[in-house]
Structures are given as C-alpha cells and as structure tokens.
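Please read the following points with the sequence and the structure open beside you, and check each of them against what you see.

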Amino acid sequence: MKIMNYWRKFLCIALCWVISDSVVCQGQKNGKEVVYRDYTHMEADLLDSLKRDEVKTLFRGMYMLRQQAQQVKESTPVRLKPRRVEKKKLSPQDLIEKRRSSVLTVNKYHRAMMRPEGVTGWATAVVLSNDGICVSNYHVFWEFLDSTAKLNPQDGIMFVATEEGRVYPITEILSFNKAADVTFFKIDTRGDMLTPIPLGNDLPAGTGVHLLSHPEGYPYAYTNGVVMRTTTSDAKDPFARRMELTVDYAKGASGGPIMDDCGNMVAMVSSIRAIFYSNQPPYSQQMNVKLTIPVSSLRMLMQGKDE
C-alpha cells in the first residue's frame with residue numbers, strides 16, 4: 001500500500017513538472033522576440049540622413065528659426081485636437097512598443113569649424129498631431145526664444161528624428177510658456193503621417209507612471225516610478241504647477257513623455273533638483289527630485305477638444 005502511495009505521489013509530481021515546463025516553453029514561444037538595437041552609430045547615421053538627397057536644403061538655419069521665434073508671443077493658443085485618451089491598461093512592454101513612434105529625438109547639426117561636422121543628440125520631443133505639431137521644453141529652445149541669448153556659430157540647424165533615422169525639419173515655433181517650461185513647434189513631416197500620443201490627465205501622489213526618453217547616450221530608455229508630490233511655486237499661476245516623480249532620467253530626457261498605465265501622456269520631463277546633506281564639502285548628495293510639467297499646462301495652451 002505504501003509503495004502504491006509512493007508511486008502516486010511520484011507520478012503526480014512528474015505530471016506537474018511536465019505541465020509547468022510546457023507552460024513556460026509555450027510562454028517563451030508565444031512571447032515577443034527580444035530586439036537588440038545598435039544605437040552606437042545613431043548620430044553618424046543621422047548625419048548621413050541629412051546629407052542624403054540634399055535634405056539639409058529643407059531646413060531653416062538657426063538664425064532664421066530664431067528670427068521667426070522672436071515674433072511669437074508667449075502663451076499664443078495652439079490650434080490642436082489632441083488624440084483621445086485611451087482606457088485600456090498596457091503592460092510596460094506593450095506601452096513601450098505602442099508609444100516609441102510618438103517619441104522623437106531633438107538633435108543639432110554642427111558645421112565643420114573647430115571640429116569636423118557632426119550631429120549631437122540634444123533632447124526629447126513628443127508628437128501631438130499626425131501633421132507634425134510637437135512639444136518639448138522651453139529650455140530646449142531658449143536660445144531661439146530669449147532675445148538675450150547668443151547662438152553658437154558652429155550650430156547649423158536643429159531638427160527631430162525617429163528611431164529609424166527619418167529626419168524632419170523644425171519649421172516654426174508655435175507657442176511657449178517660460179513658467180511652464182513648454183514649447184510647441186511644427187515640423188515638416190515630408191509627407192509622412194506621424195503617430196500622436198494620447199493625452200491623459202494630471203495624476204495624484206502615489207500613482208504609477210512610465211517614461212520613454214533619451215538620456216545622453218541612451219536613446220529610447222524606459223524607466224518607471226510613482227508621482228511623489230504635486231506642488232506649485234506660485235499658487236496664483238497655474239503654469240507654476242509641477243508633478244514630482246521618482247522616475248529616473250538625466251540630461252537629454254528633457255521633453256520626454258510621462259505616461260500613465262494606459263500610455264496616455266500625463267506630464268513632461270522638465271528638470272532635476274538635487275538634495276545634499278551639506279552645502280559645504282563633503283556635500284554628500286542624498287536624493288534627486290524629478291520635476292515634470294503636468295499635462296494640464298499643455299492643455300491650457302491648446303485650442304480644440306480631444307478627437
């Protein structure tokens with residue numbers, strides 16, 4: 001009898017092992033293939049894209065774009081119908097795949113002067129309309145918008161690009177708000193239909209959020225965290241509101257989209273504030289507070305209801 005019970009237990013364990021192994025293998029079989037992208041030649045490839053078919057002739061130079069931007073009044077309404085909010089929760093993997101085409105790199109082309117010509121990654125931008133209205137930070141475009149700023153003579157043009165290396169000229173600045181650290185701008189899509197990101201709503205503290213951006217040297221990097229606090233530096237100015245996050249980012253991520261679990265943009269990367277134990281050596285940095293612009297600040301500058 002004991003032998004019979006022993007073999008029953010053995011067969012039961014073996015059967016469970018076979019079933020669990022089958023499930024794992026099946027999951028691996030049905031899972032998405034992991035893609036390893038080589039970003040090490042990204043800037044060199046963008047330089048080639050600029051040279052190909054004389055694409056550079058489509059671009060406004062830095063000085064021409066500055067002249068246009070100086071004519072734009074702060075908080076000019078932008079005629080734009082945002083993409084409708086989405087309600088289906090996405091896995092982080094699906095969120096990344098569905099939103100990466102809406103996230104562009106902002107780049108500068110440098111003329112050959114003290115050093116060879118080249119392209120440098122500068123920041124992040126987000127597509128808001130299929131015909132090329134995008135948004136990033138005021139500080140990304142400050143040299144065009146601030147009349148006291150001086151342009152670097154080596155900087156030839158500023159442009160945006162997709163992950164695949166498709167380059168688009170920045171044709172004009174549409175609006176900006178310095179307090180909100182926001183700039184809307186238009187690009188020449190060169191006949192392409194772009195994929196706008198859906199806009200969500202501001203989120204309270206404790207809510208999980210996601211970011212896809214381009215920290216220097218690490219394009220299309222995904223990080224996540226939670227809303228730490230919602231604060232304002234001026235209760236009378238709605239553009240002074242900030243969502244503080246635990247999401248990790250660095251320079252180059254400026255303008256990147258903070259998204260909710262459904263992939264709706266709920267805020268935009270702005271700045272970092274470091275907290276130190278002491279203001280004298282040794283400083284002993286203890287914490288970085290990540291400040292972002294809530295989506296309500298973007299909406300206040302937009303004319304048009306969600307599609």
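1. Two strands count as paired if DSSP finds at least two bridges between them, and the strands themselves (E, at least two residues), like the helices (H or I, at least four residues), are DSSP runs numbered from the N terminus. With that in mind, strand β2 (residues 103-110) is joined to strand β3 (residues 118-127) by 8 bridges, and the two run antiparallel; within this pair, Thr105 stands opposite Thr124. β2 also pairs with strand β5 (residues 155-161) in the antiparallel sense, over 6 bridges, and here Tyr109 stands opposite Ile157.

2. A word on the source: this is a predicted model, in which local features need pLDDT of at least 70 and side-chain atom pairs count only at pLDDT 80 or more, while totals for chains, interfaces and linings use all residues. Residues are numbered from 1 along each chain as its sequence is written, and side-chain values use heavy atoms, with hydrogens and water left out.

3. For the overall picture, the chain has 6 helices and 14 strands. Of its 307 residues, 45% count as buried, where buried means under 20% relative accessible area, exposed means over 50%, and partly exposed lies in between (1.4 Å probe, protein chains only). Taking a contact as heavy atoms within 4.5 Å, 68% of the contacts between residues at least 6 apart in sequence join residues at least 24 apart.

4. Is strand β2 mostly covered or exposed? It is mostly covered, since 8 of its 8 residues are buried. Val103, Thr105, Asn107 and Tyr109 point one way from the strand, whereas Leu104, Val106, Lys108 and His110 point the other way.

5. Strand β7 (182-187) is likewise mostly covered, with 6 of its 6 residues buried; Val182, Phe184 and Lys186 point one way from β7, and Thr183, Phe185 and Ile187 the other way. β7 pairs with β4 in the antiparallel sense over 4 bridges, and Ser136 stands opposite Thr183 there. Strand β6 (residues 167-177) is joined to β7 by 6 bridges, again antiparallel, with Lys186 as the bridge partner of Glu172. The hairpin of β6 and β7 has 4 residues between the strands, and in it Asp181 takes a positive phi near 55 degrees.

6. Which strands close into a barrel? There are 6 of them, in the order β8-β9-β10-β13-β12-β11, and the pairing is antiparallel. The twist from one strand to the next averages 45 degrees, with axes taken as lines fitted to C-alpha atoms (for helices over the stretch in contact) and angles running from 0 to 180 degrees between N-to-C directions. Helix α4 (residues 92-99) lies across β8 (208-213), β9 and β11 (257-259), and runs at about 40 degrees to β8.

7. A nonpolar core is a set of buried Ala, Val, Leu, Ile, Met, Phe, Trp, Tyr and Cys residues joined through side-chain atoms within 4.5 Å. The largest one has 27 residues, and those with the most contacts inside it are Val135, Val182, Phe184, Met265 and Leu298. At least two residues of this core come from each of α4, β4, β7, β12 and α6. Apart from it lies another core of 25 residues, among them Leu104, Met158, Phe176 and Phe185.

8. Some backbone details deserve a careful look, because most residues other than glycine have a negative phi, and most peptide bonds are trans. Tyr220, in the loop between β8 and β9, has a positive phi of about 55 degrees although it is not a glycine, and at 8% relative accessibility Tyr220 counts as buried. Ser284, in the loop between β12 and β13, also has a positive phi of about 55 degrees, but at 41% relative accessibility Ser284 counts as partly exposed. A cis peptide bond, with omega about -10 degrees, joins Pro281 and Pro282, and Pro282 lies in the loop between β12 and β13.
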